[in-house]
Amino acid sequence: MTYPDVRVIIMCKAPVAGAVKTRLLARYTAAEAAMLHAAMATTVIERAVRLFDDVVVAADDPSHRFYSQYTCPVVAQGAGNLGDRMGRLVAQACADGAGAVLLLGTDSPHMPDQRLHQAYAALASADVVVGPVEDGGYDLIAMHQPWPLFAGVAWSSGQVLVQTQAIIGQLGLTSQLLDYGFDIDFPDDLLRAEGSGWLVPESVRSLLR
């Protein structure tokens, strides 16, 4: 089942050693952490392309060779903090005619298809849909319009979800929270993700053992 009226935007960093998944360095080398990041991002992108007709990868460096394997559009995130970048991308999607926008990161390759189906279904009755995660953030957020949901949010803190919910309330919008999930941040999260359904690519499977 695909959803033609939703644009999915995946916020993705290129797998540059030393620049991604640095909290995995307690167990892995910088090169291995970059390989794991690439495997996670690939899973997230391939799932989105399978489920949705309109998928855009928002890259920190669109010219990086990692992105050449994908047929979906790869665009630059641009300048500013995460909220600035996501806000511009949502506004552009809506200007392009998207009926709704769903933002994803790359830290939840174990996310089941059902979570994305639920997010889409929830948009029928809510202005904003949020997929909370245990660290105080979220693994997805979906909306119908480019509302200023991200202004003043303390990114990379444990307050991201609470602050975003407060903004939603201040704007007088309706929202729906999905069940709590988790992101892969630390080495032990990798095995937890595999146990939660992530089909770990062969290219990195040996790193989890």
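A residue is called buried here if its relative accessible area is under 20%, exposed if over 50%, and partly exposed in between, computed with a 1.4 Å probe on protein chains only. The model is predicted, so local features need pLDDT of at least 70 and side-chain atom pairs count only at pLDDT 80 or more, while totals for chains, interfaces and linings use all residues. Residues are numbered from 1 along each chain as its sequence is written, and side-chain values use heavy atoms, with hydrogens and water left out.

Select Trp 155 to begin: with a relative accessible area of 19%, Trp 155 is buried.

Next, show the aromatic rings, where Phe, Tyr and Trp (its six-membered ring) pair if their centres lie within 6.5 Å, with planes under 30 degrees apart counted as stacked, over 60 as edge-to-face and the rest as tilted. The structure holds 3 aromatic pairs. Phe 150 and Trp 155 form a tilted one, 5.9 Å centre to centre with 55 degrees between the planes.

Move to Phe 66 and Tyr 70, whose ring centres are 5.7 Å apart and whose planes stand at 75 degrees, so the pair is edge-to-face; both residues are buried.

Finally, look for charges over rings (NZ of Lys or CZ of Arg within 6 Å of the ring centre and within 35 degrees of the ring normal). Arg 192 lies over the face of Phe 182, at 3.9 Å from the ring centre, and Arg 23 lies over that of Phe 186, at 5.2 Å.
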